[in-house]
Amino acid sequence: MLQTLYDYFWWERLWLPVNLTWADLEDRDGRVYAKASDLYITLPLALLFLIVRYFFELYVATPLAALLNIKEKTRLRAPPNATLEHFYLTSGKQPKQVEVELLSRQSGLSGRQVERWFRRRRNQDRPSLLKKFREASWRFTFYLIAFIAGMAVIVDKPWFYDMKKVWEGYPIQSTIPSQYWYYMIELSFYWSLLFSIASDVKRKDFKEQIIHHVATIILISFSWFANYIRAGTLIMALHDSSDYLLESAKMFNYAGWKNTCNNIFIIFAIVFIITRLVILPFWILHCTLVYPLELYPAFFGYYFFNSMMGVLQLLHIFWAYLILRMAHKFITGKVKALSKPSEKHSEGEEAAAGGGAKSRPLANGHPILNNHHRKND
């Protein structure tokens, strides 16, 4: 049964063009081809990334945060209360007025004391400014290095300038060590992001982030063993080109450098729109949708790859909408500072419990919207 499923999964007609088999991609004459087994190394590498991240945040990001006067803030803790804690964990973090009155009777506290307990309890669960800064520092470092490395891998390749050369000789295209390590490191990093997503700062677009990470892992993995490597390197470098700008803007935001943050955010928005909504659909997607059909009839792998690309493109449109909405509010003066519009909490309560670095109109990395930001609990 398992062998049958295995054989069917690796059936050549699923992943390769007609009249080609996996035997055509076996190493010979000094030429090395991509293999699915190459990807096994990415799981231990992902664990290594998590270890490196731990020490980076401890010995690099934390001292850097101290230099920028970003510190852990002491928060008032909610006193132990079994009744309120049970409701908090099972029913919700923000009880309605009727529920507050019921909890007041059950706990022997006044309604105001119940509300205050829930405020403090929510603050306990919210990520600190320092935690956010550490995470942004780690991602900034990786994305910047990955972008530079990615450009070094592809800038001297003919298909970087002529998209039709992406498919020249496909799929009999051998790999080189720089492509191998670029793929393994990128895939390992996204595995590490997926492994740590539950413990990282939770964002408003949490579900979209999971979809993005899964789609990216599938795309990188498939493009490797189906030998879409030339297209894959272009796509990965394109994505890394704007991500480090966003993370650096967030770092300056958490440090209270509002003008620097806003200027970098504007640059990020421009780069994001150009790369994700112009270059990706009209150059890269055109390359993966149109040019292969000039060589081979469409096959399952062709549809699968481009479907995953479609999922990523929809996510880019969603994020572009959020970015443009934020930029519009900034330009029209409805927001005093910029940050990525997908963080989980407005953090008004945390600001009330003890602000962040310097005096700022930001609530833990978030802009305070005039007349729209909810009142601090």
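Student: Which helix gives the most to the lining of the largest pocket?
Tutor: H9 does, with five residues. Helices here are DSSP runs of H or I, at least four residues. This is a predicted model, where local features need pLDDT of at least 70 and side-chain atom pairs 80 or more, while totals for chains, interfaces and linings use all residues. Numbering runs from 1 along each chain, and side-chain values use heavy atoms, without hydrogens or water.

Student: Which other helices supply at least two residues there?
Tutor: Besides H9 (206-225), helix H1 (2-9), helix H3 (42-67) and helix H8 (177-196) each do.

Student: And which residues are closest to the centre of that pocket?
Tutor: Trp-10, Lys-35, Ala-36, Ser-37 and Phe-225, out of 23 lining residues. By class, that lining has 18 nonpolar, three polar and two charged residues.

Student: OK, switching topic: how many cavities of 30 Å³ or more are there?
Tutor: The search of the whole structure finds five. A cavity is a set of points on a 1 Å grid where a 1.4 Å probe fits but cannot get out, and lining residues have an atom within 4 Å of a point.

Student: What volume does the second largest cavity have?
Tutor: About 160 Å³. Thr-216, Leu-219, Ile-220, Ile-235 and Met-236 are the closest to its centre, among 16 lining residues.

Student: Which elements give two or more residues to the lining of that cavity?
Tutor: H8 and H9 contribute there, along with helix H10 (229-255) and helix H12 (300-331).

Student: How many residues of that lining are charged?
Tutor: Two, alongside nine nonpolar and five polar residues.

Methods:
1 Å grid on protein atoms, 1.4 Å probe; cavity = no way out; pocket = protein on both sides within 12 Å on 5 of 7 lines; lining within 4 Å. Nonpolar A, V, L, I, M, F, W, Y, C, P; charged D, E, K, R; others polar. Points joined across faces, edges and corners; volume = space filled by probe spheres on them.
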